[in-house]
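Good morning, and thank you for coming.

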Amino acid sequence: MELNVRKAENRDIPRILDLLSQVLEVHAAGRPDLFKSGTTKYSEQELTDIIADAERPIFVGEHDGVVQGYAFCIFQHHNDRNTPNYTSLYIDDLCVDEKSRGLHVGTALYEYVLKFAKLSGCYNVTLNVWECNESAKKFYEKRGLSVQKIGMEKIL
């Protein structure tokens, strides 16, 4: 499949909302205590605002004019007293349409994000994966990502 990866535009919002719903359902199945089925992470207005924000680029992968996946990113500027100053590109969310999984859409999006981050002067690319999302963990491990830190919880 030939995939065109580009920055998201407002015309992509309806399709992004569909994909956000797919991601939410994966999380709601794994952690129904934290995610509400039938919702999405962002509203149409919030997506409009994010698309306009240079610090929060969204990339979409499309085939034949149909968006097959997206990557939401956030520039994170680290200026702590005890660490060197550096910028990370955080992948807040990466989704591939469930009908397009296995067609390397996620790989194309991820590789595009890596190139974008490098051209933007970032030191690294970071992301979080929910423990219940085994397929995402395998996807990122296969691409050479390693654990940077582990978030832990105790449910009360």
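I begin with His104, which is found in the loop between S4 and H3. Helices (H or I, at least four residues) and strands (E, at least two) are DSSP runs, numbered from the N terminus. His104 has a positive phi of about 70°, although it is not a glycine. With a relative accessibility of 60%, His104 counts as exposed; here exposed means over 50% relative accessible area, buried under 20%, and partly exposed in between, with a 1.4 Å probe and protein chains only.

Asp64 sits in the loop between strand S2 (58–63) and S3. Asp64 is likewise not a glycine, yet has a positive phi of about 55°. Its relative accessible area is 68%, and Asp64 is therefore exposed.

A word on the source. This is a predicted model, in which local features need pLDDT of at least 70, side-chain atom pairs count only at pLDDT 80 or more, and totals for chains, interfaces and linings use all residues. Residues are numbered from 1 along each chain as its sequence is written, and side-chain values use heavy atoms, with hydrogens and water left out. The predictor's confidence in each residue, pLDDT, runs from 0 to 100; its mean for the protein is 94, and 100% of the residues reach 70 or more.

Which residues have the most contacts inside the largest nonpolar core? They are Leu89, Ile91, Leu94, Val113 and Tyr140, in a core of 21 residues. Such a core is a set of buried Ala, Val, Leu, Ile, Met, Phe, Trp, Tyr and Cys residues joined through side-chain atoms within 4.5 Å. At least two residues of this core come from each of strand S3 (66–78), strand S4 (86–96), helix H3 (105–119), strand S5 (124–127) and H4. H3 supplies the largest share, six residues. Apart from this core lies another, of 15 residues, including Ala8, Ile16, Tyr42 and Ile58.

Finally, helix H4 (residues 134–142), which has the lowest mean pLDDT among the elements, 91. Its buried residues are Ala136, Lys137, Phe139 and Tyr140. Seen down the axis of H4, these fall within an arc of 160°, taken from the directions from the helix axis to the C-beta atoms, so they line one face of the helix. Ser135, Lys138, Glu141 and Lys142 are exposed on the other side of H4. Just after H4, Gly144 takes a positive phi of about 90°.
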